[in-house]
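Please read the following report alongside the sequence and the coordinates.

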Amino acid sequence: MTVLERFAQGDIRALSKIISHVENQRDGYRQLLSRMYRKGSRTLRIGITGPPGAGKSTLVNRLVHEHADRGRTVGIIAVDPTSPFTGGALLGDRVRMNELSSQGGVYFRSMATRGATGGLASATDNVAVVMEAFGFDVVIIETVGVGQVELDIVDACDVVVVVVVPESGDGVQTLKAGLMEIANIMVVNKADRPGAEKIISELKSTMQMRRKSEDRWEVPVIATEAVNNKNIDYLFGKLAEYVEFTTKTGDFERRRRARIKKKILSIVKNRFQNEFIDNLTGKVDFNRIVDDIYEGKTGPYDIGDELYQKFRRQ
Ligand SMILES: Nc1nc2c(ncn2[C@@H]2O[C@H](COP(=O)(O)OP(=O)(O)O)[C@@H](O)[C@H]2O)c(=O)[nH]1
Ligand SMILES: [Mg+2]
C-alpha cells in the first residue's frame, strides 16, 4: 500500500510521514497539498494564543479531554519558537500529549520553527490542512502570542482563544493591542492567583467598548484554572456557542473563504518574490549600491524603483 492509501485508511504513521513531507517542502508537496484540499474540511480549527507560561498547553490538554470524552478526534499543533531545542515546556507538553495519544484519536505535533521557507504561518497552515484531510474533528493550534507571525497563525483559525493571566503586568493596558483584536474568546487563566478579579472586570469593560453593535458576537471573558480543571466546561460550551452564532450570521463561512483567498495571495506573492530575488542574485552589486546610498548619492526608493523596472522589462 502507498503512504496515501494508508493515510486514507487512518494510519497515524502515514499521517506523520505526510506532515513531514509537507513541512519540509520536499518534492511534490504542492500536489500533495492539492489532494488534501480536494477532500474538503469538516474540521473545526481552534487557535489558542497568549504569553508564555499563561497555561495554554494545560488548557489545550483539558480541551482535548473534553472533546475526547465526547468521542471526537483531535489533532494538536504546538508552535513554540521560544523552545527551539524542544526543551522545557514543550518536552513536558509532548509527554502529556503522548499519554493522551495512547488513548487513540489524539495526535500531537510540534512545529520545527527553523528554516520554514515561505514562512512559519504558511507551514503551520499546511500541516493543519493535512490534519483536516486526515479527518480529525478538531484541530487545535497553540502559539505564543508574541509576534505578527504567531497572530497570523491563529488568525487563520475558525475561532481564536486568547489566554492571559492575572500577572500580565499592570493589567489590560499592557496587553498587546493585536491580541485583543483577534480574540473571539478571552480566558483569564490562573484565576486562583491574586489580581484575577481586577483583570477580568477590566477586560470585560474593554471588550464591551470594542463591540461594534448589539448583534455582533460579544467576546466573553472567562476565568479558568486549567491546572485544577475549573471552568473548562464553560469555556468548552462557549466555543460551541461561538461556532453556532457565527454559522448563523454567516461569519463562519466568510472567515473560511477569506482564509482561502489569503492563502492564494500568499502563494502567488511568494513565487513572485522568489523569482525576483533569484533574478537579482549575481546581477546586482549590492556593495556598490549600499556605498552609494551610504554616501548620500541616491536612496533606497530610487534603487528599488530601478530594480523593479529592470525586472519588468525582462
Ligand atoms: N496556579 C496556576 N497554575 C497554572 C494554571 N494553569 C496552568 N498552570 C501552570 O502554569 C505553568 C505553565 O503552564 P503551560 O500550560 O505550560 O503554559 P504555556 O506556556 O502557556 O503553554 C505550568 O506549571 C502549569 O502547571 C492555573 O490555573 N493556576
Ligand atoms: Mg505551551
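This is a predicted model: local features need pLDDT of at least 70, side-chain atom pairs count only at pLDDT 80 or more; totals for chains, interfaces and linings use all residues.

Residues are numbered from 1 along each chain as its sequence is written, chains are lettered from A and ligands numbered from 1 in the order in which they are written, and side-chain values use heavy atoms, with hydrogens and water left out.

The protein has 13 helices and seven strands, taken as DSSP runs (H or I of at least four residues for helices, E of at least two for strands) and numbered from the N terminus. Of its 314 residues, 44% count as buried, a term that stands for under 20% relative accessible area with a 1.4 Å probe and protein chains only. Among contacts (heavy atoms within 4.5 Å) with a separation of 6 or more, 75% join residues 24 or more positions apart.

Ligand 1 is surrounded by 16 residues, each with a heavy atom within 4 Å of the ligand; the closest are Gly53, Lys56, Ser57, Thr58 and Asp192. Helix α4 (residues 56–69) supplies three residues, the largest share of this shell.

| Residue | Protein side of the pair | Distance to an oxygen atom of ligand 1 |
|---|---|---|
| Ala54 | polar backbone atom | 3.1 Å |
| Lys190 | side-chain N or O atom | 3.2 Å |
| Ala226 | polar backbone atom | 3.1 Å |

Taken alone, ligand 1 exposes 580 Å², of which the protein buries 76%, with areas computed by the Shrake-Rupley method and a 1.4 Å probe.

Because Ser57 lies in helix α4 and Glu142 in strand β4 (residues 138–144), the pair ties together parts that are 85 residues apart in sequence. Both Ser57 and Glu142 are buried.

Ile153, placed in helix α7 (residues 148–155), counts as buried at 3% relative accessibility. Leaving aside residues up to four places away in sequence, Ile153 touches Val79, Leu120, Ala121, Thr124, Ile141 and Thr143.

Definitions and conventions
Buried means under 20% relative accessible area, exposed over 50%, partly exposed in between (1.4 Å probe, protein chains only). A polar contact is a pair of N or O atoms within 3.5 Å; within protein, one must be able to donate a hydrogen and the other to accept it, and residues adjacent in sequence count only if both atoms are side-chain atoms.
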